[in-house]
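Subject: Structure handover

Hello,

Here is the structure you asked about. My notes follow below it.

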Amino acid sequence: QWLEDAPRGGVDVCARVHGLTETLRWVLRWGKGAEVRAPEQLRKLVKQELAEALAGYADRVSHTRDTARSRQRMK
């Protein structure tokens, strides 16, 4: 693993890895503080994982709002 200066004051973390699954989990721990620039396959995995996570929250938020409205109507 090694670090390289990146544009806008960032740092590129460069590493040789044995697979993308562990790397995906590592990147996700950094949240919005990280962006995968390469390889493209890892970028796609991160996008997919985040989209699926967000979709799960969208369903719960909608359900929570509907439940709260129903309770208010019942009072």
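Is T23 buried or exposed? T23 is buried, because its relative accessible area is 16%; buried means under 20% relative accessible area, exposed over 50%, and partly exposed in between (1.4 Å probe, protein chains only).

Please note that this is a predicted model, in which local features need pLDDT of at least 70 and side-chain atom pairs count only at pLDDT 80 or more, while totals for chains, interfaces and linings use all residues. Residues are numbered from 1 along each chain as its sequence is written, and side-chain values use heavy atoms, with hydrogens and water left out.

The protein chain has two helices and two strands, in the order β-β-α-α along the sequence. Helices (H or I, at least four residues) and strands (E, at least two) are DSSP runs, numbered from the N terminus. Of the 75 residues in the protein chain, 12% are buried.

T23 sits in helix α1, residues 20-29. A polar atom of the T23 side chain is 3.1 Å from the backbone oxygen of G19. Setting aside residues up to four places away in sequence, T23 touches V17 and L42; contact means heavy atoms within 4.5 Å.

L42 also belongs to the largest nonpolar core, five residues made up of L24, V27, V36, L42 and V46. Helices α1 and α2 (40-74) each supply at least two residues of this core. A nonpolar core is a set of buried Ala, Val, Leu, Ile, Met, Phe, Trp, Tyr and Cys residues joined through side-chain atoms within 4.5 Å. Beyond its neighbours within four places in sequence, V46 contacts L24, V27, L28 and V36.

Regards

Notes. Polar contact = N/O pair within 3.5 Å; in protein donor to acceptor, adjacent residues only side chain to side chain.
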